[in-house]
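Please open the model in a viewer and keep the selection tool at hand.

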Amino acid sequence: MKANKIKTGIFIVLIAVCFSGLISGAIALVLGFLFTVFAGQLFPNFTHKSIQFLLKISVVGLGFGMYITETLQIGKEGLNITLFTIAATLTLGWLLAKILKIDVRLGHLISSGTSICGGSAIAAISPVINAKPKTISVSLGVVFLLNSVALFIFPGIGHFFNMSQHQFGLWTAIAIHDTSSVVGAALAYGEEALRVATTVKLARTLWIIPVSLISMFLFKTKDGKIKIPLFILFFILAIAINSYFNLPTELTQSITGISKRLLVACLFLVGTTLSLKDIKQTGFRPFVLGISLWVFISISSLLVILG
């Protein structure tokens with residue numbers, strides 16, 4: 001009982017440190033992972049719900065630092081590359097799953113998570129194709145682990161290729177799976193990168209809807225429910241309010257500043273969901289599929305953006 005209280009106290013202190021703005025998203029992720037390694041997973045249900053809630057609140061808050069004209073221009077620019085990478089990644093994922101002899105539903109979930117928006121896409125599409133809990137768990141494990149790696153290596157790659165803020169934001173939105181890691185990597189690169197990455201990523205998230213419909217047709221399911229990410233509408237509303245109402249600069253800066261801190265705290269919680277046991281149980285073939293698709297989408301999008 002006393003040990004649990006100590007663990008809970010440390011958990012709360014670490015969240016407070018992450019929210020303080022003193023550490024980066026990457027460090028927060030590592031702290032979360034190390035906490036789970038030494039203390040175990042505390043409050044798993046609360047953690048998963050909190051990640052989704054904090055991420056949505058943070059993204060909506062970032063909308064108060066953006067404007068309609070800029071957002072439409074960025075979204076239009078990322079449309080073609082988004083269409084190409086989603087179609088190509090889903091097709092390649094289907095072929096590789098066949099070659100690796102991976103369960104067709106598992107392969108489809110990993111491919112969907114890689115091509116659209118990580119855990120959100122998996123959560124939305126899994127009920128549509130009637131995926132089993134184990135299949136969902138494995139696909140989420142693969143995507144979240146690769147997300148964690150991306151958060152560390154992408155900023156360094158961006159600096160190596162001398163990418164502009166705009167280029168890096170576009171690349172992260174295309175090549176990193178989950179929204180939390182996209183904004184985490186972009187946040188480490190700069191303000192403009194964060195704006196571009198958030199806009200393109202959320203526009204990309206809307207592709208959950210057509211991909212869910214296609215999945216329903218491919219797997220011949222009629223009772224699957226399609227989840228529409230409503231928080232994106234609130235993100236657009238926040239941009240509209242910031243664009244057409246003369247809000248005090250101090251207010252918008254405070255909202256976006258708090259949102260960025262919430263993102264770092266969210267990445268700590270993401271880190272606590274990773275465990276060595278889950279990684280070992282996943283096996284190597286799903287990771288081969290996930291890594292192959294990730295390398296493909298990262299390199300192809302990088303070549304297009306730099307070209």
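The stops below cover a core, its aromatic pairs and a surface patch.

This is a predicted model, in which local features need pLDDT of at least 70, side-chain atom pairs count only at pLDDT 80 or more, and totals for chains, interfaces and linings use all residues. Residues are numbered from 1 along each chain as its sequence is written, and side-chain values use heavy atoms, with hydrogens and water left out.

Select F154 and W171 to begin. These residues have the most contacts inside the largest nonpolar core, which has 69 residues. Such a core is a set of buried Ala, Val, Leu, Ile, Met, Phe, Trp, Tyr and Cys residues joined through side-chain atoms within 4.5 Å; buried means under 20% relative accessible area, exposed over 50%, and partly exposed in between (1.4 Å probe, protein chains only). Helix α14 (residues 249–272) supplies the largest share of this core, nine residues.

Next, display the rings of F154 and W171. Their centres are 4.2 Å apart and their planes at 20°, so the pair is stacked. Rings of Phe, Tyr and Trp (its six-membered ring) pair if their centres lie within 6.5 Å; planes under 30 degrees apart count as stacked, over 60 as edge-to-face and the rest as tilted.

Then select F11 and F268. Their ring centres are 5.7 Å apart with planes at 55°, so this pair is tilted.

Finally, turn to the surface and select V30, L34, V37, F38, V149, F152, I153 and L276, which form a nonpolar patch. V37 is partly exposed, at 38% relative accessible area.

Technical notes. Patch = residues over 30% accessible without salt bridge, like charges linked within 9 Å, V, L, I, M, F, W, Y side chains within 5 Å. Areas by Shrake-Rupley, 256 points an atom, 1.4 Å probe, with all protein chains shown as cover. Salt bridge = Lys/Arg side-chain N within 4 Å of Asp/Glu carboxyl O. Helix = DSSP H or I, 4+ residues; strand = E, 2+ residues; numbered from the N terminus.
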